[in-house]
Amino acid sequence: MKSAEEILALARKRYNATLLSFDYVNDELAVMRVQPDGGVPRYKAGQYTTLGLARAEARVEGTQEDTYDSDEAVKIVKRAYSIAHPVLNGSELYRVEEQNFHEFYIVLIREDENSPPLLTPRLFALKPGDRLFCGDKIVGNYTLDRFYKTAKHVGEENACVVFLATGTGEAPHNNMTWRLLTDGFKGRIVSIVCARYQRDLGYIETQNRLMEKYPNYKYISFTTREPGQRKRYIQDFIEEGELAALHDGFVDPERTHVYLCGNPAMIGIPKVADDQKTYPEPKGCVEILEKLGFESGRKHPHRNIHYEEYW
């Protein structure tokens with residue numbers, strides 16, 4: 001029987017990346033930068049790749065017990081993560097040639113009623129310099145492609161891109177924001193994030209600097225559990241007309257595309273049967289937006305609602 005050290009050594013032969021930094025936002029939220037051995041391939045903002053660690057790796061304390069046999073110990077547990085982006089380097093936009101890493105925005109899952117969380121308790125036990133697995137394929141259709149191809153007046157100042165996210169669903173939106181600003185997009189960019197507490201807004205300092213530098217960029221945050229603050233959801237903001245009030249062209253679906261990432265309850269993807277849509281309860285953003293004339297159907301020629309579920 002192999003020792004624990006031998007099992008780890010065997011598993012780590014399959015690792016292909018190094019952890020450059022692990023910056024805690026709070027005890028259960030962090031920004032990771034991972035450097036793949038083969039360099040960072042070209043990819044589209046909004047896409048995702050995988051991270052992985054062997055089950056034999058150490059786990060952070062205070063997480064649900066995970067039991068496994070010696071055969072499972074060497075197996076690498078993988079999970080898909082959207083690639084975030086640092087956006088700013090000081091006061092300037094990050095340049096492509098400066099980036100030799102992937103950035104990930106990750107929340108620690110301490111326990112799960114269905115099965116023990118396998119990856120994040122191990123990721124949160126890592127230290128800079130540690131090795132891990134990072135997928136060499138970057139995939140996904142949650143990109144800006146359709147906006148650039150179909151939105152009318154995309155190059156004008158009255159075009160608009162709206163990002164709606166819960167928690168770490170903000171990750172791909174930061175990447176897309178960087179892409180739009182790097183491309184010189186002059187239209188309105190609105191990014192709205194809903195989190196449990198103020199301390200869960202990991203990129204808020206970057207967002208504030210972006211608003212100072214780019215007048216066409218607006219960042220708004222809500223919390224649902226912060227003491228002394230009104231509990232508010234993104235759905236409320238849209239339904240009460242405040243999002244439309246931010247930009248004259250927002251209610252014109254020809255000029256605006258909306259991107260939603262995070263909690264399925266926030267997104268509210270309808271079920272379609274016999275060309276009839278059934279929306280989930282409670283009401284999600286898709287239903288509210290479609291009543292304003294937007295379209296979420298994946299095959300619809302004028303689709304301007306895009307979504308990526310996180311679970």
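How many bridges pair strand S12 with strand S15, and in which sense, parallel or antiparallel? In this predicted model, S12 and S15 (residues 305-309) are joined by five bridges and run in the parallel sense.

S12 itself, covering residues 256-262, is mostly tucked away, with seven of its seven residues buried. Strand S9 (residues 160-166) also pairs with S12, again in parallel, through six bridges. Along this pairing, Cys160 has Thr256 of S12 as its bridge partner, and Ala165 sits opposite Cys261 in S12.

Zooming out, these strands belong to an open sheet of five, ordered S11-S10-S9-S12-S15 and paired in parallel. S11 and S15 are the edge strands, each pairing on one side only. From neighbour to neighbour, the strands of this sheet are turned by 10° on average, if direction is ignored. Helix H5 packs on the sheet and touches S9, S10, S11 and S12; the helix direction makes about 160° with that of S9.

Next comes the nonpolar interior. In soluble globular proteins, nonpolar side chains tend to be buried together. The largest nonpolar core here has 29 residues, and the members touching the most others are Phe163, Leu180 and Tyr259. Two or more residues each come from S9, H5 (170-182), S10 (188-195), S11 (217-223) and S12. H5 is the top contributor, giving four residues to this core. As for Leu180, setting aside neighbours within four places in sequence, this residue is in contact with Leu144, Phe147, Tyr148, Val161, Phe163, Phe185 and Ile189.

For S7, the pairing with strand S2 (residues 29-36) is antiparallel and runs over six bridges, with Met32 standing opposite Phe104 in S7.

Notes. Residues are numbered from 1 along each chain as its sequence is written. This is a predicted model: local features need pLDDT of at least 70, side-chain atom pairs count only at pLDDT 80 or more; totals for chains, interfaces and linings use all residues. Side-chain values use heavy atoms; hydrogens and water are left out. Buried means under 20% relative accessible area, exposed over 50%, partly exposed in between (1.4 Å probe, protein chains only). Two strands pair if DSSP finds at least two bridges between them. A nonpolar core is a set of buried Ala, Val, Leu, Ile, Met, Phe, Trp, Tyr and Cys residues joined through side-chain atoms within 4.5 Å. Contact means heavy atoms within 4.5 Å. Axes are lines fitted to C-alpha atoms, for helices over the stretch in contact, and angles run from 0 to 180 degrees between N-to-C directions.
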